[in-house]
Amino acid sequence: MAFWDNLFPGRAAHFDSGSAASNAIDLTKRRPTVSLTQQGAATGNLRVNLSWRMRTSDIEGRSRQSGRLLRNPAQLFKPEVVQAHTQGMVNVDLDLGCLYELKDGSKGVVQPLGGFFGDLNAAPYVKLSGDDRFGGSSGETIFVNLDHRDEIKRLLFFAYIYDQTPAFDRTHAKVTLYPSNGPRIEIELDERAPQARSCAVFSMENVKGELTVRREVRFVYGFQAELDRLYGWGLQWGRGYKTKA
């Protein structure tokens, strides 16, 4: 690699990528798309995982707060506004969902809210593995059966905060795609949107037999209905609730 390639890494590779050891493609504003077909990854089960953790500044803030607790023990009983994915109790419930449209015109959603978990071996060929409400280490995962890619027109993966605390700006979230073949694809939800409650993370479209993933990372202040209007899905939405765990 030439010296100038180190100064301008975009000239050396088509995608922003991690180290050779990480074997990952990072989708960014500068390089927002990747073709699964060209990567040889358009078959088998695609695993899409959402994970999150507290930003370093918030964790450091807790360390500094420990000294104040010694001086003012009453602060011990004041609840934290935001907890994190791997930091004990979790007050932010991030959910992963997917809007789908098939080639036959059928449309719908796969998400924990309402118990729409989908199906992997029948339409819509998209299935949520479960609802992680308490910040387990595995996060939330949706599988897509790409062996039925010819029946899929487009998908839109999104994340939303179920509870009352909009905290995307403090909760560092990442969505990772694990194709059946080739490198994983990572999308950081790294833009600050303090009051946002939902985020369109990435879309996948089947155009003339080619499956393309596009980074979206568009934060909105509403929920699924607002994402629907933004991307023209045309579904009817009503208020939904989760059953108590």
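**A look inside**

Modeller: The largest nonpolar core has 43 residues, and those touching the most other members are Leu 36, Leu 155, Phe 168, Leu 177, Leu 189, Phe 202 and Met 204. By nonpolar core I mean a set of buried Ala, Val, Leu, Ile, Met, Phe, Trp, Tyr and Cys residues joined through side-chain atoms within 4.5 Å. Buried, in turn, is under 20% relative accessible area, exposed is over 50%, and partly exposed lies in between (1.4 Å probe, protein chains only). Another core lies apart from that one, with 11 residues, including Leu 156, Val 220, Leu 227 and Trp 233. In soluble globular proteins, nonpolar side chains tend to be buried together.

A quick word on the ground rules. This is a predicted model, so local features need pLDDT of at least 70 and side-chain atom pairs count only at pLDDT 80 or more, while totals for chains, interfaces and linings use all residues. Residues are numbered from 1 along each chain as its sequence is written, and side-chain values use heavy atoms, with hydrogens and water left out.

Back to Leu 36. Leaving aside residues up to four places away in sequence, Leu 36 touches Ala 41, Ala 42, Leu 46, Leu 146, Pro 179, Ile 185, Met 204, Leu 211 and Val 213. Contact here means heavy atoms within 4.5 Å.

Now for strand E5, residues 94-102. Strands (E, at least two residues) and helices (H or I, at least four) are DSSP runs, numbered from the N terminus. Nine of the nine residues of E5 are buried, so this strand is largely enclosed by the rest of the structure. Leu 94, Leu 96, Cys 98, Tyr 100 and Leu 102 point one way, while Asp 95, Gly 97, Leu 99 and Glu 101 point the other. Two strands pair if DSSP finds at least two bridges between them. E5 runs antiparallel to E10 (residues 152-161), joined by nine bridges, and Leu 94 stands opposite Ile 161 there. E5 is also antiparallel to E6 (residues 107-110), with four bridges, and Cys 98 faces Val 110 across that pair. The hairpin of E5 and E6 has four residues between the strands, and Gly 105 takes a positive phi near 95° in that hairpin.

Cys 98 counts as buried because its relative accessibility is 0%, and Cys 199 is buried at 0% too. Taking a disulfide as a pair of cysteine sulfur atoms within 2.5 Å, the count comes to zero.

Arg 215 sits in strand E14 (residues 210-220) and is buried, with a relative accessible area of 11%. The Arg 215 side chain reaches the backbone oxygen of Leu 27 at 3.5 Å and makes a polar contact of 3.4 Å with the side chain of Glu 191. A polar contact is a pair of N or O atoms within 3.5 Å; within protein, one must be able to donate a hydrogen and the other to accept it, and residues adjacent in sequence count only if both atoms are side-chain atoms. Asn 49, in strand E4 (residues 45-54), is buried at 8% relative accessibility.
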